[in-house]
Amino acid sequence: MRTPTREGVLRAAAKVADILPQTPLLRAEIGGAPVWVKAESLQPIGAFKIRGAWHRLTDLSDEERAQGVVGVSSGNHAQGVAWAAQRLGIAATIVMPSDAPSVKLERTRAMGAEIVLYDRYEQDRDEIAEALVTERGATLVHAYADPWVIEGQGSCAIEIMAQLGAEPTRIITPCGGGGLAAGLALACPSAEIVPVEPEGWDDVCRSLEIGSIQRVDSDAPPTTCDALQTPATRPINFAILKERCPFGLRVSEAEVAEAQRFAFAHLRLVVEPGGAAALAAALSGKVALDGRTAIMVTGGNVDPAKFAEVL
């Protein structure tokens, strides 16, 4: 597998700019400090995952396109792959947990992707995906452990720099497997990258603290942050994270809900729980803020009834 590079991020950013407008960089104030919120929840699929999927699928050969792609996702990467595949005329199969939010399942299916359901507590999603890849001769488009996906996700930081007129001092980002955090690190080599995970799903935090890849405990607690429920980061991601992320942060379910309410009240954004994790860390005072701190709001695909309950 090739190594993701900053040059790859810049190439991905140019490809994304050809098909999508920049998402807004919104000014907010937290504890008296101005911050900048990157509203990736306003992407056509409601999440940043459209970036990595587009970069990956547009680099497939004609032969690879004809064989189709397989992805694994709780919903946002699924929609990114389905969106890109539909526009490129590529067959897409997505392995999704049976308890994924219905809005994510429905939208992925509506874009023409085939969905294969699994039990996230009893089955190994990667084994299922690998079997499909072998059976069909398809290309695996991993949600975070793929060099093209990492580069594509980093393209949002190229936009941030253009919108700020400078590189941010730090970027606070929700973190599942570490694809976005790694891409941001490549895009902004001088910025501090701060990954944020839900309590109990803190494998990247613990990996950074211990110095080697750690897995989520088998008895990890339930979380509303379905987009961040990854069992462990991968070597391709951790090789970047361990050099560029001085620490990771954990947020509680209550802090995530408060961030969703803040985004709705002050930024007019509908944000899903996982997409609000970085904002939750900033609001709870867990990280330093200044006029050049960027906060990633990564997704807005939330069930309306559940969002109403949070509000």
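Predicted model: local features only at pLDDT ≥ 70, side-chain atom pairs only at ≥ 80, totals over all residues.

Biologist: Which residues have the most contacts inside the largest nonpolar core?

Modeller: The general idea is that, in soluble globular proteins, nonpolar side chains tend to be buried together. Here the largest nonpolar core has 34 residues, and those with the most contacts inside it are Ile-171, Leu-184, Cys-188, Ile-193, Leu-241 and Met-296. At least two residues of this core come from each of helix 1, helix 7, helix 8, helix 9, helix 10 and strand 10. Helix 8 gives the most, with 7 residues. There is also a second, separate core of 31 residues, which includes Ala-28, Val-35, Val-196 and Cys-225.

Biologist: With what is Leu-241 in contact, leaving aside its neighbours within four places in sequence?

Modeller: Leu-241 is in contact with Gly-178, Ala-181, Ala-182, Val-204, Leu-208 and Thr-233.

Biologist: At what angle do helix 4 and helix 5 pack?

Modeller: Two packed helices are described by the angle between their axes and the distance between the axes. Helix 4 (residues 76–88) and helix 5 (residues 102–110) pack at about 15°, and their axes are 9 Å apart. Angles under 35 degrees count as roughly parallel, and helix 4 and helix 5 are therefore roughly parallel to each other. Helix 4 passes helix 5 in a left-handed crossing.

Biologist: Which residues make the contact of helix 4 with helix 5?

Modeller: Helix 4 contributes Asn-76, Ala-78, Gln-79, Ala-82 and Gln-86, while helix 5 contributes Lys-104, Arg-107, Thr-108 and Ala-110. These residues divide into 3 nonpolar, 4 polar and 2 charged.

Biologist: Which residues of helix 5 are buried, and against what do they pack?

Modeller: An α-helix has 3.6 residues a turn, so residues three or four places apart point the same way. In helix 5, the buried residues are Val-103, Lys-104, Leu-105 and Thr-108. The buried residues of this helix pack against helix 4, strand 4 and strand 5. Helix 5 is followed by Gly-112, whose phi is positive, near 95°.

Biologist: Is Ile-45 buried or exposed?

Modeller: Buried means under 20% relative accessible area. Ile-45 has a relative accessible area of 3%, so Ile-45 is buried. Ile-45 is found in the loop between strand 2 and helix 2.

Biologist: Which residues does Ile-45 touch, not counting residues up to four places away in sequence?

Modeller: Ile-45 touches Ile-50, Asn-76, Gln-79, Gly-80, Trp-83, Met-111 and Asn-301. Ile-45 and His-77, 32 residues apart in sequence, are 9.4 Å apart in space, C-alpha to C-alpha.

Methods
Residues numbered from 1 in each chain as written. Heavy atoms only, no water. Core = buried A, V, L, I, M, F, W, Y, C linked by side-chain atoms within 4.5 Å. Buried < 20%, exposed > 50% of the residue type's maximum accessible area, 1.4 Å probe, protein only. Helix = DSSP H or I, 4+ residues; strand = E, 2+ residues; numbered from the N terminus. Contact = heavy atoms within 4.5 Å. Axes fitted to C-alpha atoms, helices over the stretch in contact; angles between N-to-C directions. Parallel < 35°, antiparallel > 145°, perpendicular 65-115°, else oblique. Left-handed = near helix turned anticlockwise from the far one by under 90°. Nonpolar A, V, L, I, M, F, W, Y, C, P; charged D, E, K, R; others polar.
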